[in-house]
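Trainee: I would like to go through the assignments in this model one by one and check each against its criterion.
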Amino acid sequence: QVQLVESGGGLVQAGDPLRLSCAASGSILSIYTMGWYRQAPGLQRELVASITDGSITNYADSVKGRFTISRDNAKNTVALQMNSLIPEDTAVYYCNADIWSGWRYGRRNYWGQGTQVTVSS
């Protein structure tokens, strides 16, 4: 009933910026917290940044000061601006959203398909 579609991943050099975007579509009445997670090979998926419907943000310590999360409630989108990228940021990045779709589908947590970010040194 709901789809999250990410875009913007790619291969960049250390120090370069990159912007990820995620659009939610489908049966959506309200979107609560939206976020970005990442998973590097052999590691667990970890939270990178999140933003509530009241625009309260939270960042992993490793990205504070370099990444900025934002959302457009009118368009049901969330973005992650990544600056000063380092090789350790290499991972598959996943969009996540907590969505209310009404009484039929209720409130559920959704994931995007993931987008690869590779930072070369």
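This is a predicted model: local features need pLDDT of at least 70, side-chain atom pairs count only at pLDDT 80 or more; totals for chains, interfaces and linings use all residues.

Trainee: Why is the pair Arg-71 and Asn-73 called a polar contact?
Mentor: The cut-off for a pair of N or O atoms is 3.5 Å. The two side chains come to 2.7 Å, so the pair qualifies on distance. A polar atom of the Arg-71 side chain also lies 3.1 Å from the backbone oxygen of Thr-52.

Trainee: How do you know that strand 1 and strand 3 pair?
Mentor: At least two bridges are required. Strand 1 (residues 2-7) and strand 3 (residues 18-26) are joined by 6 bridges, therefore they pair, and they run antiparallel. Val-5 stands opposite Ala-23 of strand 3.

Trainee: What joins strand 3 to strand 8?
Mentor: These strands are also antiparallel, with 6 bridges. Cys-22 has Val-78 in strand 8 as its bridge partner.

Trainee: Which residues touch the most other members of the largest nonpolar core?
Mentor: They are Trp-36, Leu-80, Met-82, Tyr-93 and Ile-99, out of 31 residues. Strand 9 gives the most to this core, with 5 residues. Outside its sequence neighbours within four places, Leu-80 contacts residues including Trp-36, Val-48, Phe-67 and Tyr-93.

Notes: Residues are numbered from 1 along each chain as its sequence is written. Side-chain values use heavy atoms; hydrogens and water are left out. A polar contact is a pair of N or O atoms within 3.5 Å; within protein, one must be able to donate a hydrogen and the other to accept it, and residues adjacent in sequence count only if both atoms are side-chain atoms. Helices (H or I, at least four residues) and strands (E, at least two) are DSSP runs, numbered from the N terminus. A nonpolar core is a set of buried Ala, Val, Leu, Ile, Met, Phe, Trp, Tyr and Cys residues joined through side-chain atoms within 4.5 Å. Buried means under 20% relative accessible area, exposed over 50%, partly exposed in between (1.4 Å probe, protein chains only). Contact means heavy atoms within 4.5 Å.
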